[in-house]
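Have a look at the picture first.

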Protein chains: 2
Amino acid sequence: MSQDPITYWLGLARVEGLGIRSAHRLIEHFGSAQAAYTASLTELESCGIPARVAQAVFAQEGLNEAESELAAARQAGCQLLAYDGEDYPPLLRQIPDAPLLLYVRGDVKILSHCALAMVGSRKPSAYGSQVAHRLARDLADRRVVIISGMARGIDTCAHRGALEAKGGKTVAVQGRGMDEIYPRENRKLADKIAENGAVISEFPIGTGPLPENFPIRNRIISGLSLGVLVIEAAEYSGSLITARLALDQNREVFALPGNITSAQSFGPNHLIKRGAKLVDQWMDVVEEFPAEVRRQLMPPESASEISQVDQAASLFEQSMSADQKAVFDFLRVDEPAFIDSIFGGVAIPPARILQTLLELEMSGLVRQLPGKNFIRKL
Amino acid sequence: MSQDPITYWLGLARVEGLGIRSAHRLIEHFGSAQAAYTASLTELESCGIPARVAQAVFAQEGLNEAESELAAARQAGCQLLAYDGEDYPPLLRQIPDAPLLLYVRGDVKILSHCALAMVGSRKPSAYGSQVAHRLARDLADRRVVIISGMARGIDTCAHRGALEAKGGKTVAVQGRGMDEIYPRENRKLADKIAENGAVISEFPIGTGPLPENFPIRNRIISGLSLGVLVIEAAEYSGSLITARLALDQNREVFALPGNITSAQSFGPNHLIKRGAKLVDQWMDVVEEFPAEVRRQLMPPESASEISQVDQAASLFEQSMSADQKAVFDFLRVDEPAFIDSIFGGVAIPPARILQTLLELEMSGLVRQLPGKNFIRKL
């Protein structure tokens, strides 16, 4: 047959009742996906798969759909990486249920770089969002690829933070087919990720956003990465499942500590209690990487960092009211101001200062630190 | 001689140039403090102490002052515990530089109970203060004695929290003589501690609050305890020294995690990174205690806990404005309310709600959780 070898992988992925681990067993036994399709029924049945499934492979089930699937994937701008291909990410290949193939939009080579997964709540706190963004940027600045799931919340912050770094790379692993982006508001983000990394999936074109696919997807997020950093996660949370998968895959688990009075910090604090490494700066992650990986990481492009902050600050200031500007100007980024000193230092009645502070907090320009201290956000 | 044997201990403690470790060596060699004072000069000199110090002991230096010191201690309502006395705390006796004697106001027996030290910043955040108070109360409710230094901030919260538990016991270790309480605003607190535990010091009556005495004092705080819990501490902080001492003394080190954006959480987060156990509830402490200690701990007096909260709530409500009452009534203790739901649920204009929320926060009735969620304080 003169078919693209990838069609045999696509075919096997579509045989009903053939799980990933059984498929790997077939391929190991016969040497390739194509060889499995040309094996005799007796040989197929000897591989420990159900008779019905052996018959289906023998009857070439999946191969017809594979042709149209390949066309659809190319239509959607995807490359396909088979498990035995040169560009298939080596770390991912190590996990026991590695995907048979990956749909990739973007740079396939980036999937083999040194990477950290960042996961967390879809409804993070301001603290979690801000720290996710900053850590992702700091790590991407050092050439660590940031892997996440492009969901709302922490995932989005992590991708955006990585993209903010000069030359920062990030990979989004979708829990559905590559023909649609979910959530929809992240379409532009997906394009940016594909330009500066990759958007990938193991699911066929047209697969909808089924909730049961998210945990399946999560094993790829951790599988591509040297470690998983959990930013915020409530008591029963998908992020804790990802951390569990990472442990099973022998990956490092990192977690951001947080106030025990915040429900979103329950998950990370719990993980730290159970042995995850506490992270309060990018260095805490990098120092756990193998020495040869650490040597490949580049020094930070500190210039990019500074210019970004400057730009942001000037954007903020254009839209402020007079009260907001007065209070904001009084606050500093490097030292918290106690409420009484703001009352004393800004020529506005205290009640208006209180309201202004809350407005500035609500619009994300100012953060309240414990003890009635206020600080400009980074 | 017919003197009280304690005077020989008081005397040795006053011999200039005789450090605590050398004093222990003398006492070990001669069998008692009294025997050291009746030894020959040759014998004294053979103990490896400087000739000048040996001569001073031989000349009975310190014994005269010891008499008046004993009178002053009794005048100040103190008992004295010598290192070889029956009531001297066994855990404290184990440390290499154990005090020769302790001045005790209160119940000497409590010093030998199962205890946890709680230490932290003199300028804690609202988060740190509140959690210190709650953890101290929860642990004291289980019959763990809370040891601290009666300083402003976390120390005071820890003592107060312990006193709030029914039958709760707490011990304050002073860094100065027992004739004065420092800080002065804690005089009433000191009386309550002495009635429900003990106030202790190793320093002679009349010793002022010298800063260099605080680290010396801290070894007693950790020495009396099975472990040390660090609540909040900035980068260069006495609490981190106490944690270091605790490690040297083979005590457990516990720490409260906190947001990495809060300077006060730097210390505890750093300790957790270095191996301290993360604590987010009383159980995390108790489960590290030896099994025989855990068995002695009593089940909680849960009734006391509930009645305390009820009392507090009714006190709060008496002093509220109409706006405050409306917003407070809408909030719950068990589930945070998002700002938009408060706008929707309370019949007051949003600007007034914002101001009222900040007032309630400032007066300690309401806590803002990350992500613009508000909750009643416990």
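## Where the chains touch

Chain B puts 33 residues into the contact, and chain A puts in 33 residues too (contact means heavy atoms within 4.5 Å). Together they bury about 3,200 Å², with carbon and sulfur atoms giving 68% of that; buried area is the accessible area (1.4 Å probe) that two parts lose on being put together, summed over both. Ile260(B), Thr261(B) and Lys273(B) supply 21% of what chain B buries against chain A, more than any other three residues.

This is a predicted model: local features need pLDDT of at least 70, side-chain atom pairs count only at pLDDT 80 or more, and totals for chains, interfaces and linings use all residues. Side-chain values use heavy atoms, without hydrogens and water, residues are numbered from 1 along each chain as its sequence is written, and chains are lettered from A and ligands numbered from 1 in the order in which they are written.

## Charges across the gap

How many salt bridges cross the interface of chain B and chain A? The rule (a side-chain nitrogen of Lys or Arg within 4 Å of a carboxyl oxygen of Asp or Glu) finds four. One of them links Asp280(A) to Lys273(B), with the closest N and O atoms 2.8 Å apart.

Over in chain B, three strands (DSSP E runs of at least two residues) make an open, antiparallel sheet in the order β10-β12-β11. Strands count as paired if DSSP finds at least two bridges between them. β10 (337–338) and β11 of chain B are the edge strands, each pairing on one side only. Ala337(B) has Phe374(B) in β12(B) as its bridge partner.

Notes. Helices (H or I, at least four residues) and strands (E, at least two) are DSSP runs, numbered from the N terminus.
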